Every structure is written in structure tokens, then in C-alpha cells.
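User: Hi! I'm new to this one, could you walk me through it?
Analyst: Happy to, here it is.
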Protein chains: 2
Amino acid sequence: MGEPLGSDEAQVLDANEAFYDAFADGDLDALDALWAERASVACIHPGWDALYGREEVMASWRAILSGERAPEVVCLDPTVHLYGDTAVVICGEAIDEHFLIATNVFVREDGEWRLCHHQAGPVSGQRPEGRLRRRGQRKAGMLN
Amino acid sequence: MGEPLGSDEAQVLDANEAFYDAFADGDLDALDALWAERASVACIHPGWDALYGREEVMASWRAILSGERAPEVVCLDPTVHLYGDTAVVICGEAIDEHFLIATNVFVREDGEWRLCHHQAGPVSGQRPEGRLRRRGQRKAGMLN
């Protein structure tokens with residue numbers, strides 16, 4: 001994530017982008033560094049029951065990313081909702097051929113925004129028109 | 001919700017229970033009073049895209065609760081995750097014959113915990129065994 005610069009919103013968006021970069025790259029070390037160390041941690045993968053605690057959550061990411069290939073994932077149209085030292089990012093997720101909607105909750109720990117909760121669930125129908133492509137063109141081909 | 005008493009966790013659980021009571025009772029006024037007035041508000045109903053802003057969110061609840069009958073809803077096994085003046089409740093939802101998992105984000109506004117974000121999504125398979133029934137027996141029949 002580099003040094004935190006700019007507004008809280010920009011820093012949270014950077015942390016959210018780093019999460020999807022780590023997910024897309026299958027980079028478990030980067031993903032691990034993004035989750036909170038002291039704050040309560042939880043995660044709800046699509047269709048799964050809730051997972052509680054850092055150990056269980058990271059084990060789930062290891063399982064997801066240990067497949068033959070990591071899923072293709074693109075974060076779409078993130079919005080930041082700031083509540084002091086906590087922030088919620090809501091964004092679309094294009095994962096392989098699926099379109100999901102996600103809530104990512106961040107807390108400020110030692111000056112860095114870190115994930116404390118993630119929930120993603122399916123959206124009925126097709127990817128809404130007009131979704132912005134905030135993660136550049138690297139994997140944009142899958143969206144067309 | 002009455003006067004806030006007890007620990008933050010207990011107050012947040014009370015607010016979460018009040019949310020599901022209002023939902024189960026189809027009580028739009030109670031629901032309206034539970035959502036934050038100043039904090040940024042968003043909501044993701046199961047299968048829907050995200051809704052932003054108090055007006056759009058409350059319109060969605062009016063639509064959901066204006067049907068021939070309000071859905072039967074029971075909150076299951078809520079856990080509270082406190083981050084200062086923000087809190088996340090993760091809980092199961094038994095809605096009619098569906099089992100969902102939800103994230104409810106609360107902020108403290110004027111000393112009251114109020115909802116600023118809700119996401120609910122489907123869980124694959126059956127209701128997990130051992131789920132606690134925290135909302136009493138009034139609608140417990142639907143769970144058997």
C-alpha cells in the first residue's frame with residue numbers, strides 16, 4: 001500500500017484496491033498483511049456461513065487461492081463510507097463469469113486501513129450497465 | 001430501544017434485535033427510526049445491487065414490507081464486533097423458507113446505535129445445526 005497519503009477516502013480506496021490486487025494475484029502474503037492484527041476479524045464468502053477470527057479467515061483464503069488457478073477478479077465501482085476510524089467500501093466483484101456485490105469493512109490500525117470484515121454475495125441478473133472499471137485494463141477483457 | 005443500558009455489545013445486540021423485530025412486524029416507522037440520520041447509509045438486499053442513501057434505502061424497505069404479508073424473519077446467532085463508535089453484527093436470517101447470512105453495520109449517533117449498512121446474502125445448503133434462536137419462541141415454529 002505504500003505510505004498513506006491523501007484523504008481518508010483515498011487511503012481506504014487504496015487499501016481496497018490492494019485487497020483485490022492481492023486476491024487477483026493469488027498473493028497470500030499481501031492478503032495476510034491487509035487484514036487487521038488486533039481488531040475482530042470475520043469473513044463471509046459467497047454461499048458460505050460466516051468465518052470468525054484471523055486464523056479461520058486466512059485459512060479460507062489459502063483454500064480459495066490454492067486451486068489450480070486463482071479466480072479472475074475485478075473490483076467494480078467502489079464507494080467509500082467513512083465512520084471515523086472505521087470505513088465501509090461497497091463494490092461490485094466480477095469473479096470469473098460471476099457478478100457479486102461486496103461489503104469490505106476497514107479499521108485504522110497503526111495508521112493503516114486494514115480489513116476486518118468482508119462479505120460478498122451474488123447479484124441476480126447481469127452486471128449492471130455503467131459499472132466503472134476502476135482497476136485498469138489489465139483484466140478488462142473478461143468484462144466484455 | 002428504550003434507554004441505552006449495559007455494555008456496548010449489549011446495546012448493539014438490542015439495536016440489532018430491534019431491527020429484526022421491526023422487519024418481522026412490518027413496522028416501517030420503527031425501521032425508519034433505526035437507520036442513521038447523518039451517517040452515510042447503504043443497503044444490499046439479497047440478489048440486489050447496492051442501494052445508497054437514506055431515501056433509496058427506506059424506499060426499498062417500504063417496497064419489501066408492502067406486500068400481501070411481510071416476510072417471516074428470525075435473526076439467528078448474532079455476534080457483535082466493536083470498533084469504537086462503529087459496530088458490525090453478523091447473524092443468520094431465517095426468512096420464510098430461506099436461510100441467509102447478514103452483515104449489519106451500526107454507528108453511534110446521539111448516543112444510540114443506528115444502522116448505516118445492511119447486506120444479506122444466501123447461504124448454500126440448510127440452516128447449520130446448532131444455530132441459536134435468540135429471538136424467543138414467537139416464530140420458532142418456522143424453524144422446525
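User: Which residue is the bridge partner of Val107(A) in E6(A)?
Analyst: That's Arg114(A). Keep in mind that this is a predicted model.
User: How do the two strands E5(A) and E6(A) pair, parallel or antiparallel?
Analyst: Antiparallel, over 10 bridges. E6 of chain A covers residues 112-122.
User: And what order do the strands of the open sheet in chain A come in?
Analyst: The order is E2-E1-E6-E5-E4-E3, with 6 strands and mixed pairing. At the edges are E2 (51-52) and E3 (73-83) of chain A, each pairing on one side only.
User: Which strands does helix H1 of chain A touch?
Analyst: H1 of chain A, residues 8-25, packs on the sheet and touches E3, E4, E5 and E6 of that chain. The direction of this helix makes about 150° with that of E3(A).
User: What do its buried residues pack against?
Analyst: The buried residues of H1(B), including Leu13(B), Phe19(B) and Tyr20(B), pack against helix H2 and strands E3, E4, E5 and E6 of chain B.
User: What comes just after H1(B)?
Analyst: Gly26(B), with a positive phi of about 60°.

Definitions and conventions
Residues numbered from 1 in each chain as written. Chains lettered and ligands numbered in written order. Predicted model: local features only at pLDDT ≥ 70, side-chain atom pairs only at ≥ 80, totals over all residues. Pairing = 2+ DSSP bridges. Helix = DSSP H or I, 4+ residues; strand = E, 2+ residues; numbered from the N terminus. Contact = placed C-beta atoms within 7 Å. Axes fitted to C-alpha atoms, helices over the stretch in contact; angles between N-to-C directions. Buried ≥ 20, exposed ≤ 12 C-beta atoms within 10 Å, placed from the backbone.
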